[in-house]
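Visitor: Please put the structure up. I would like to go through it piece by piece.

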Amino acid sequence: MTTVLRQLCTCGGWLKQRLVMSLMLLLAVLNIYTMRTCLSVAIVQMATSIVHNSTYEDPYKCHVTPTNTSEVIVSPQEQRPPDFHWDETTQGVVLSSFYYGYIVSHIPGGVLADRFGGKHTLGLGILSTALTTLLTPTAAYLGPVYLIGLRIIMGLGEGVTFPAVSVLLAHWVPPAERSRLGSFVFAGAQLGTVAGTAISGVLLAHFDWPVTFYFFGAVGVVWYALWAVLCYSTPEEHPFISDEERDYLHREIKASNLGKRIAPTPWFGILTSLPVWGLAVAQVGHDWGFFTMVTDLPKYMKSVLQFSIGKNGLLSALPYLVMWVFSMIFGAVADWIIATKRWRVVTVRKFFTTLASILPALGIIGASYAGCESTLVVALFTAGMGGMGAFYPGMRVNGLDLSKHYAGTVMALVNGLGAVSGMVSPILIGLLTPHSSLLEWRTTFWITFGVLMGSNVVYLLTAQASVQPWDRQPDEKEDEKPPAIPMT
């Protein structure tokens, strides 16, 4: 019976379980981003800004004309008045509140995933995110304080996901496939942002805004049901994996070592590791740019470029679609460079991380000076975010280079610190754009430019791509410890 089930689940041995795992992890990341970002689009319809200085006039205000926008017919949903009257600062706090919970649960999530496996840590984290998404309309009607509290709880659940994903990748993805499959999985952030913004725009154009949250929350629950049946923490635990694939993963990843009880987390070694802190600074810089775009691009499209809700969602999604495509290309190129030994691994990580800083920095600044030329603005945003796709084969997988046994903890620390950007940037943008004028937004984009460039310099000075000494286990000889990827 077991043999028959194994043949069915592996399609006669043709379907590799590491590919099933990678696909489910992609969908996991995609889901958390749809549930995280749909509020950024929906809030345009949910709330109207309160401008305290009604005499303010923006000399650079864009006007809807046939020459500067292909404005679609305004839907009945867009004509109905918003349910809430929140000023820009309140909206900024609502959008940023998710990250207050998100940052707190990273370290516990990483430790739990390292100790007990990633399956249940990831699954329960996403299930809790789905349930809080379904409750979002109720909390919003109760008041902004309730919505802020729910978003904090949502962040607590979602904060465990990336550490768990890193642990699962460390168990399931062999070194030679790590840049490619790692980029494939983590690029779910772009696909999720594309789906979250585009589908939200369509739903908001035809239905009242609560439908958006019900839709994405339900999708998250369906993902959890499939995950519980199909995926396992390690190849050894998987009942239907082929013997051939299990032996291959055991040989390439040393899964038997990964399955052993590891020593207590070497907090002193991790917290005093210069490469880890350099990685954390780079993550803060990347997240500042990414979260600024994810959280506030729909508001920029609406308040500055005067796009309708339907068009706003579709065009806000375009940069992330391009980012996903380029992340796949960059990942394949990075694997090829490493496999052919043309560059050292650390050089590959630095090069692609630098691309992911310079190109989006130039893109957003160029867009802010393109004024009301909506086609050019969208093109520059899109080109910049396409360049940010180099982040995935760059610093995103760099944590796996540094640690084999504590990849989840390292990811938790780095990604958790990066989430500080999500806490600060929406509030700062709300404070700097009280009138949502073009010049106010340009100031915020210059700040983003500086953060991206400065954090990249720190990374270039500190990055490494070899397993660190603090990762070694007490019973492990140095010559028995293979690197997570080819050594530099």
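The questions below move from the whole chain to single residues.

Visitor: What average pLDDT does the protein have?
Guide: This is a predicted model, so confidence comes first. At least 70 is the score of 82% of the residues. The average pLDDT is 80.

Visitor: How many helices and strands make up the secondary structure?
Guide: The protein has 488 residues, and 60% of them count as buried. Its secondary structure comes to 25 helices and two strands.

Visitor: Among contacts between residues at least 6 apart in sequence, what share joins residues at least 24 apart?
Guide: A contact here means heavy atoms within 4.5 Å. Count the pairs at least 6 apart, then keep those at least 24 apart. The share is 86%.

Visitor: Where is the kink in helix 2 centred?
Guide: Helix 2 covers residues 17-46 and has 30 residues. From first C-alpha to last it reaches 43 Å, close to the 44 Å expected. Even so, helix 2 has a kink of about 30°. The kink is centred on Thr37.

Visitor: Why is helix 2 described as largely enclosed by the rest of the structure?
Guide: A residue is buried when its relative accessible area is under 20%. Helix 2 is largely enclosed because of how many of its residues are buried: 27 of the 30.

Visitor: Is Ser200 buried or exposed?
Guide: Ser200 sits in helix 12, residues 188-206. Beyond four places in sequence, Ser200 touches Cys38, Val41, Ala195, Thr212 and Phe216. Its relative accessible area is 0%, so Ser200 is buried.

Visitor: Which residues does Leu359 contact, leaving aside neighbours within four places in sequence?
Guide: Leu359 lies in helix 19, residues 345-369. With a relative accessible area of 34%, Leu359 is partly exposed. Its C-alpha is separated by 5.0 Å from that of Gly384, 25 residues apart along the chain. The contacts of Leu359 are Gly384 and Gly387.

Visitor: What separates the C-alpha atoms of Leu279 and Asn456?
Guide: Leu279 lies in helix 17 and counts as buried at 2% relative accessibility. Its contacts outside four places in sequence include Met395, Gly399, Val414 and Tyr459. Asn456 is 177 residues apart from Leu279 along the chain. Their C-alpha atoms are separated by 9.5 Å.

Visitor: What volume does the largest cavity have?
Guide: Rolling a probe the size of a water molecule over the atoms shows where empty space is left. Cavities of 30 Å³ or more number six. The largest has a volume of about 100 Å³.

Visitor: Which of the residues lining the largest cavity are closest to its centre?
Guide: The lining of the largest cavity has 14 residues. Those closest to the centre are Ser166, Arg396, Gly399, Leu400 and Met411.

Visitor: Which helix gives the largest share of that lining?
Guide: Elements giving two or more residues to the lining are helices 10, 17, 21, 22 and 23. The largest share is four residues. That share comes from helix 23.

Notes:
Residues numbered from 1 in each chain as written. Predicted model: local features only at pLDDT ≥ 70, side-chain atom pairs only at ≥ 80, totals over all residues. Heavy atoms only, no water. Expected span 1.5 Å × (residues − 1). Bend = angle between axes of the 7 residues up to and from the residue. Buried < 20%, exposed > 50% of the residue type's maximum accessible area, 1.4 Å probe, protein only. pLDDT = per-residue confidence, 0-100. 1 Å grid on protein atoms, 1.4 Å probe; cavity = no way out; pocket = protein on both sides within 12 Å on 5 of 7 lines; lining within 4 Å. Points joined across faces, edges and corners; volume = space filled by probe spheres on them.
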